[in-house]
Amino acid sequence: MPSNRNLSRRRFLAASAAVALLPTVTRNVLGANNKLNIAGIGAGGKGAVDIPSVASENIIALCDVDQNNAGGIFRRFEKATKYVDFRDMLDKEKSIDAVTISTPDHIHAVAAVRAMRLGKHVYVQKPLSHSIPEARMMTTVAREMMVCTQMGNQGHASNETRRLVELIQAGTLGDVTEVHIWTDRAGQIWPQGDQAMALFEAGKNAKVPGHVNFDLWLGPAKDRPYNSAYLPFRWRGFWDFGTGALGDMGCHNMDLAFWALNLRDATTASAEISDRHREVAPAWAIATVQFPARPNPAGGSFPPCKLVWYEAGKKPDPELAKLKALPRNGTIMVGSKDTLYVPSYWGPGRFNSGVKTEDLSQVPITIARHPGNTNDDGHMEQMHHNEWLDAIKQGKPELALSNFDYAGPMTEGVLLANLAIRSGKKIEWDAKAMKVTNDAAANEFVHDHYRKGWELTGNV
């Protein structure tokens, strides 16, 4: 097995600056008997995608607090040792090389940090964390431990997205000063707002299902009685466990903008919302996050930029994309030279000017490409996981392009919008200190509060 100690700290810190990448991603085959030993934390839900995506390796241990939800994966990988508590698994399974983490949001950081501090490489579902300080800590620990990381936003593997990043950084759009991103999520797959609170009231007297270990499901969250409103996936709208539509789709839909424009260290955030509850996300929200001028990785700098997020059917003006109506998800990037419209989570997009990507062949390819049609979601999932496996096997963390040096700051920006949604005010943000500077009460929502025995400690 590759030793963690052989990973170069210098190469790790250079990950986000790497530009001399091969034009095509290739697999590094080590031989049939030289495979990674992988464990899965969260085998149901998204784990049912993540674990099969790394099945080319040895799946030696699996953990889930819901035996029914994880049943399909448990049966498929019958030889893997089964656990209910990931802490026990990490303590006992000394031969683990890498871990996939596909749990509710509030478990991501406590599981990932524990694994990384044991020298394990980690693949963590989006959003990277439940809170901004957790994202910062995960980024810091990954650097300190020199492990290979990847966040589960598979659209990052899209060849079309990678080409758009190159074109935007080459100046195709000119100065991009506003970005509009929307999703239909919230209230469709899980409840939010008044709907969530009604289900919560109705579920107060429910008994814990026999196949669920609710204490371990709570993990670091404050102790409380079981409520049928939480499971199996309705937890996403409850602030103590999930991060709403932003957590579900922000790291997908916003990926192109964050990557291409190097969005970092936002300064303000504000939001318009449908309804306010302390416990749950609103039925819909429109959030605006302001970013300062930033370096362009291709040279020069980007001007200040406004990012506007719309959810649950709210959308920007379709005239921005020269349309009469917009689809359920998409992105519009408004520049001084041209405007780009992407009518989905990812894809080739369309320029308002009518120029085609093939007309811009003079812009060099600087980002690695995957073979095949990466617009297919299943193929992107596989390629995204393969990047992570290759990074581990080759001892090159930079091969996983959504590693925590990228995914950590991105998650911070995504989750900042939730601070504005929860606080009800326009907030001024000190990104370095991770502190709201104009409303002390809003800082209550910055840090998570951990149950005894689940504390996440360390410097960020």
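Predicted model: local features only at pLDDT ≥ 70, side-chain atom pairs only at ≥ 80, totals over all residues.

Residues are numbered from 1 along each chain as its sequence is written, and side-chain values use heavy atoms, with hydrogens and water left out.

Two packed helices are described by the angle between their axes and the distance between the axes. Helix H6 (residues 132-145) and helix H13 (residues 404-423) have axes that come within 8 Å and cross at roughly 175°. Helices here (H or I, at least four residues) and strands (E, at least two) are DSSP runs, numbered from the N terminus, and axes are lines fitted to C-alpha atoms, for helices over the stretch in contact, with angles running from 0 to 180 degrees between N-to-C directions. The crossing makes H6 roughly antiparallel to H13, given that angles under 35 degrees count as roughly parallel, over 145 as roughly antiparallel, 65 to 115 as roughly perpendicular and the rest as oblique. On the H6 side the contact (heavy atoms within 4.5 Å) is made by Ile132, Ala135, Arg136, Met138, Thr139, Ala142 and Arg143, and on the H13 side by Phe404, Asp405, Gly408, Pro409, Thr411, Glu412, Leu415, Leu416 and Leu419. Sorted by class, the contact of H6 with H13 has 9 nonpolar, 3 polar and 4 charged residues, where Ala, Val, Leu, Ile, Met, Phe, Trp, Tyr, Cys and Pro count as nonpolar, Asp, Glu, Lys and Arg as charged, and the others, Gly among them, as polar.

Helix H13 also takes part in covering helix H10 (residues 244-253), of which 10 of 10 residues are buried. Buried means under 20% relative accessible area, exposed over 50%, and partly exposed in between (1.4 Å probe, protein chains only). The buried residues of H10 include Gly244, Asp248, Cys251 and His252, and what covers them includes strand S6 (149-152), strand S7 (176-182), helix H11 (255-261), strand S12 (305-310) and strand S13 (330-335).

Aromatic residues come next. A pair of aromatic rings is described by the distance of the centres and the angle of the planes. Rings of Phe, Tyr and Trp (its six-membered ring) pair if their centres lie within 6.5 Å, and planes under 30 degrees apart count as stacked, over 60 as edge-to-face and the rest as tilted; by this rule the count comes to 16 aromatic pairs. Phe200 and Phe238 have ring centres 6.2 Å apart and planes at 45°, so this pair is tilted. Because Phe200 lies in helix H8 (residues 193-202) and Phe238 in the loop between helix H9 (214-218) and H10, the pair ties together parts that are 38 residues apart in sequence. Phe238 itself counts as buried, at 4% relative accessibility. Phe214 and Tyr226 form an edge-to-face pair, 5.1 Å centre to centre with 85° between the planes, and this pair links Phe214 in helix H9 with Tyr226 in the loop between H9 and H10, 12 residues apart. Both partners are buried, Phe214 with a relative accessible area of 8% and Tyr226 at 10%. These residues belong to one aromatic cluster, formed by Phe200, Phe214, Trp217, Tyr226, Tyr230, Phe238 and Phe241.

In strand S14 (residues 339-342) sits Leu340, which counts as buried at 0% relative accessibility. Its C-alpha atom is separated by 9.3 Å from that of Leu164, 176 residues apart along the chain. Leaving aside residues up to four places away in sequence, Leu340 touches, among others, Leu164, Ile168, Leu173, Leu256 and Phe351.

A disulfide is a covalent bond between the sulfur atoms of two cysteines. With a disulfide taken as a pair of cysteine sulfur atoms within 2.5 Å, a search of the whole structure finds 0 disulfides. Cys305 is in no disulfide, and the nearest cysteine sulfur, that of Cys251, is 17 Å away. Cys305 is buried, with a relative accessible area of 0%, and Cys63 is buried at 3%.

Most residues other than glycine have a negative phi, and most peptide bonds are trans. A cis peptide bond joins Lys126 and Pro127, with omega about -15°, and Pro127 is placed in the loop between strand S5 (121-125) and H6. The bond from Leu231 to Pro232 is cis too, with omega near 5°, and Pro232 is in the loop between H9 and H10. Met146, in the loop between H6 and S6, has a positive phi near 55°. Ala312, in the loop between S12 and S13, has a positive phi of about 60° and is partly exposed, with a relative accessible area of 27%.
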